[in-house]
Amino acid sequence: MNKNEPTFRKARIGDPLSRVDGLLKVTGGARYAAEYNLTGITYGVMVTSTIARGRIKRIDTRAAEKAPGVLAIMTYKNAPKVPGYQQQTSPQEKRVAGQELRVFHDDQIHFNNQPVALAIADTFERATYAASLVRVQYQEEPHQTNLKTNTARGYKPERPEDYSRGDAAAFGSAPVRIEQEYHTPIHVHNPMEPHAATAVWEGSDQVTVYNKSQGVKLAQKDIMKAFNLKEENVQIHSPFVGGAFGSSSRIWPQEMAAILGAKKVGRPVKVVLKREQTFNMVGYRPQSVQKVRLGAASDGSLLTTTHEVAGLTSQYEQFTERTLHPTKSLYRCPNLNAVYRLVSLDVSTPCWTRGPGETSGSFALESAMDELAYALTMDPMRLRLQNYAEVDPENGKQWSSNFLKDCYQQGAERFGWSRRNPTPRSMRADGMLVGLGMSAGIYKSERTTASARAVLSADGTLTIQTAAADVGPGTYTIMTQIAADVTGIDVDKIRFELGNSLFPPAPPQYGSHTTASVGSAVYEVCQALTQRLRELAVQKEGSPLHNARPEDLLVENAAIKRKGRAESLSYGDILKGNNLPKLEVNKEFKAGPEQQAVSRKSFCANFVEVHVHPATGMVRVARVVSAIDAGTVINQKTARSQVLGSVMWGIGMALMEEGIIDHRYGRYVNKDLAEYHVPVFADTPDIDVIFIGKSDPVINPMGAKGLGEIGMVGFAAAIANAVYHATGKRIRELPITPDKLIG
């Protein structure tokens, strides 16, 4: 146990409590989506298309059907019908405009590697062999997968992101101007755990799905709509998720394949995606082309900003990103024009990816701000302070809290920003070019409706249930911690359960609102529980607390006691004294009107030191200071780990990650972890995390703001800015690879 951890397993909000689910995970006790081996389990392996656009002309399954152990080869010709494929849901219900991919529905091919058949057999090996025997002939049509050559085809999406204020034409009269184009590539989630689903039907109208999901209630709703089923007839189980980052935020082909396959063969079917299939079957961060124009006064005050974005999407759905949101709100600027256009290509639909939209948009904005600082001969941090927004420029609302200035000040001091020589290529160490760069970040901090159930047993154990998710940030731990703080119960006597659609409703885990939303529900249900215990303690004749005033009672060490006196009753004694084997409380917690009166954001300042080899152009991130304003920190240890993950994601984004499509075929050429490069332990720099730790008075009872995304927003730009400072070369197209620096 860490010496800084609380003793006796009592925990309070803010303590660095170790993960309560850690032992289960390291000993193999945590069961993930591919590990449900139900009675009669069968295995499904997908056959995927080899063209990017066209139709299936002929599909021959005869040899596959005769292979040993095969139960069925499912295609669009013999798959069970999906009622929802024939319907268009109402716009307010759809998170992505358009019609989702209709798996095994017709002969149309929308992207390369699209599922066209599912081989189902009694073992995985036999299913894999049968899949290899399926022969497909296509009628191929011309396709387009290149965003750069198709930006002129951009159109305004159904859900427009455009925004303007003031006069966009003011750029021409600004004393200092910069105008540049920035590019971000496709980024693939590549979580450690493969995407998988096991489905089993009971009769014709009841299905249970074991999958990896960031939102079991959302998955339940989607399957209900697809198959016209009642809520109680669809159950989703996803208690453990081995990484997702957005890739488990909706129902994807593996779930539909398992559900349809199970309906067809009348037995449970398990479908596990291969690594190459995760590149375009479970979403990805879409490529973007961004043009930024900044005009400023000679003192650095922004006069005008234009930010134009082209992002790719599929032909069958419109996925829009929040790429423009940092530009709308981060800096004070009277004139702003933000334009977002979609380009539909013959690819699968992208999806939310850690820091969705803001991560891509902030690379362009924060790179442009650095370029403006050089044009002004001004310190990059001073430029940002000069344009600090006292209120949200997008809507004129006061911030619920904003400690970005603290992030700048504390981050710069810890990093040693003052030692930076502003001249590019002026700093060296051990024969390497040294660069110091910085950036700012902003990300929404929201709270949405969530519910929780608390069940206190007479033996003093407490169970909390909510249909939330834990994709890795430590939800099990911080919710246990909140419950322990409110009730005074030892951590070892609290069991927190999530990932089951039978539990009280909770929002999906994305968008950095789990702590603010689900945490509030847990906080409130525990408050309601202790209040009910007070009532029971004082109403029982013969109780040492009988007729005590509620305001005179305290919660301490899993007991109710009277202020200033020794009399107390343990929770167990209160229940036993009232002949209650257990006490159950349910609570729903909604955002109030006070939320709409203010602008709710988290903020960060990133400081990065890079070392660049002058001959080879190899870049190494040597040191990072990340200063975060995310309100009250519920758990110092898990929170720091979140920021460490953001930093590593940011290093990958800036220096390595790029989904490369061979546009002749519309197919990924680096569809594995050997060729799609991600940071490893050897790439890890010295990372110093600073939490400002000041409570937000509006967002939720704990004062916590969103944390999961903010550490990544703007970070890639800080690296790019440091690389420019080191080398004098401005790289505006990610990733920053050696060939771009020495070419």
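Which residue in β28 stands opposite Cys604?

Modeller: It's Ile628 that stands opposite Cys604. Before we go on, two bits of housekeeping. This is a predicted model, so local features need pLDDT of at least 70 and side-chain atom pairs count only at pLDDT 80 or more, while totals for chains, interfaces and linings use all residues. Residues are numbered from 1 along each chain as its sequence is written, and side-chain values use heavy atoms, with hydrogens and water left out.

Now for the strand itself. The names come from DSSP runs: helices are H or I with at least four residues, strands are E with at least two, and both are numbered from the N terminus.

β28 has partners to look at. Strand β27 (residues 601-612) runs antiparallel to β28, and 10 bridges join them; two strands count as paired if DSSP finds at least two bridges between them. The Cys604 and Ile628 couple you asked about belongs to this part of the story. Six residues sit between β27 and β28 in their hairpin, and there Gly617 takes a positive phi near 75°. Then there's strand β31 (residues 686-691), which pairs with β28 in the parallel sense over six bridges. Follow Arg623 across and you reach its bridge partner in β31, Asp686.

You can compare that with another covered strand, β14 (residues 288-296), where seven of the nine residues are buried. Strand β9 (residues 176-184) pairs with β14 in the antiparallel sense over nine bridges, and in β14 the bridge partner of Gln180 is Val292. β14 also pairs antiparallel with strand β15 (residues 302-314), again over nine bridges. Across that pairing, Gln290 stands opposite Val309. The hairpin of β14 and β15 has five residues between the strands, and Gly300 there takes a positive phi near 95°.

What about phi in residues that aren't glycine? As a rule, most residues other than glycine have a negative phi, and most peptide bonds are trans. Asn228 has a positive phi near 55°. You'll find Asn228 in the loop between α4 (216-227) and β12 (234-237), partly exposed at a relative accessible area of 49%. Thr377 also has a positive phi, of about 55°. Its place is the loop between α8 (358-376) and α9 (380-386), and with a relative accessible area of 74% Thr377 is exposed. As for peptide bonds, the one joining Leu734 and Pro735 is cis, with omega about -5°. Pro735 lies in the loop between α15 (715-727) and α16 (738-742).

Next, have a look at who touches whom, where contact means heavy atoms within 4.5 Å. Asn280, in helix α6 (residues 278-281), is buried at 7% relative accessible area. Leaving out residues up to four places away in sequence, Asn280 touches Phe111, Asn112, Asn113, Ser348 and Tyr668. Gln139 in strand β7 is partly exposed at 38%. Not counting residues up to four places away in sequence, the residues Gln139 touches include Ile51 and Lys57. Gln139 and Glu125 are 14 residues apart along the chain, and their C-alpha atoms are separated by 30 Å. Lys156 lies in the loop between β7 (135-140) and β8 (163-165). From Lys156 to Thr128 is 28 residues in sequence and 43 Å in space, C-alpha to C-alpha.

Finally, zoom out. The protein has 16 helices and 31 strands, and 62% of its 743 residues count as buried. Its C-alpha atoms fill a box of roughly 85 × 75 × 50 Å along the principal axes. Among contacts between residues at least 6 apart in sequence, 81% join residues at least 24 apart.

Technical notes. Buried means under 20% relative accessible area, exposed over 50%, partly exposed in between (1.4 Å probe, protein chains only).
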